[in-house]
Amino acid sequence: MNDNNGDIKKMMIILSKATLENVYAAFVLANGARMEGIEAEMFFTFFGLEAIHKKKLEHLHIATVGNPAMHMPTLLGGLPGMEALATHMMKKEMERIDMPDVHEFLDILKASGVKLWACKLAMDMFHYKKEDLYDDVDGVITVGDFYKQGSGVGTHMLFI
Amino acid sequence: MEKIIAGIPVQVNEEGYLTDFPQWNQAVGTELAQEASIDMTPRHWEVIAYLQKEFKNEVPLSIRKIGKSGVVDIKEFYQLFPMAPLKTASKIAGIPKPVSCI
């Protein structure tokens, strides 16, 4: 018997994408967990690594192609500059609702006690080095290590 | 509903947040802090005073704003109020539960 009453104790959030809307979703969920007194750890894998890559994290875009919520013909969304334009418009809206940019959001997550892990396999695949990453990343680990981090009652995992 | 806090009857909602800020005083805040297992220090009260000032100015609170307040940084805010800092501190301050997601 355990005494867990169904409360969420820890959120383990895996980010595998680098489109801005997915990165923000993952960040808001991690930060929101901490705001509720829930522990949070993030695992950045495959394209998700771009969200913690020093040179790339400031240049993430939203997807205008293959994103039905853009309500834009696929052909139009594929035109040069369209992603940049859509991203610019979205960033303006985000500033209005007091949403930090990616770098500042990472600072907030770290200050709030969120652990940030980079996926070793994806690092090897993209030829990234630890120095390429945001300074306060907690480490480069395997998926097994990440699961170990999540052990305990009341842990939930989320794949984005 | 009514609740006796620090010997005086105050109005609270179902989550225990004060609904009538003028009923708040430091003794009430201290007792609300004890319910959240927090021993108040002068540093805690500085943060509480800041939150109350923002509330009176009708500024919605968020973790990001706390970090930019110049009163406390986010790391220390989490140290002072370890579990759900914005909600806990707001409750102690006698102001409504914040609705921000960031």
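Two residues are taken to be in contact when their C-beta atoms, placed from the backbone, lie within 7 Å. By that criterion, in this predicted model, 13 residues of chain B are in contact with 13 residues of chain A. On the side of chain B that touches chain A, the elements giving two or more residues are helix 3 (63-67) and helix 4 of chain B, and by class this side has 8 nonpolar, 2 polar and 3 charged residues.

The buried residues of helix 2 of chain B are Val47(B), Ile48(B) and Leu51(B); seen down the helix axis, they fall within an arc of 100 degrees, and so they line one face of the helix. An α-helix has 3.6 residues a turn, so residues three or four places apart point the same way. The face of helix 2 of chain B turned away from its buried side carries the exposed residues Pro42(B), Glu46(B), Ala49(B) and Lys56(B), whereas the buried residues pack against helix 1 (26-35), helix 4 (74-80) and helix 5 (85-93) of chain B. Just after helix 2, Glu58(B) takes a positive phi of about 60 degrees.

Two of these partners also pack against each other: helix 1 and helix 5 of chain B meet at an angle of about 145 degrees, with their axes 8 Å apart. Gly29(B), Leu32(B) and Ala33(B) of helix 1 make this contact with Lys91(B), Ile92(B) and Ala93(B) of helix 5, and the residues involved divide into 4 nonpolar, 1 polar and 1 charged.

Note on methods:
Residues are numbered from 1 along each chain as its sequence is written. Chains are lettered from A and ligands numbered from 1 in the order in which they are written. This is a predicted model: local features need pLDDT of at least 70, side-chain atom pairs count only at pLDDT 80 or more; totals for chains, interfaces and linings use all residues. A residue is buried if 20 or more other C-beta atoms lie within 10 Å of its own, exposed if 12 or fewer, and partly exposed in between; C-beta atoms are placed from the backbone. Helices (H or I, at least four residues) and strands (E, at least two) are DSSP runs, numbered from the N terminus. The arc is that of the directions from the helix axis to the C-beta atoms. Ala, Val, Leu, Ile, Met, Phe, Trp, Tyr, Cys and Pro count as nonpolar, Asp, Glu, Lys and Arg as charged, and the others, Gly among them, as polar. Axes are lines fitted to C-alpha atoms, for helices over the stretch in contact, and angles run from 0 to 180 degrees between N-to-C directions.
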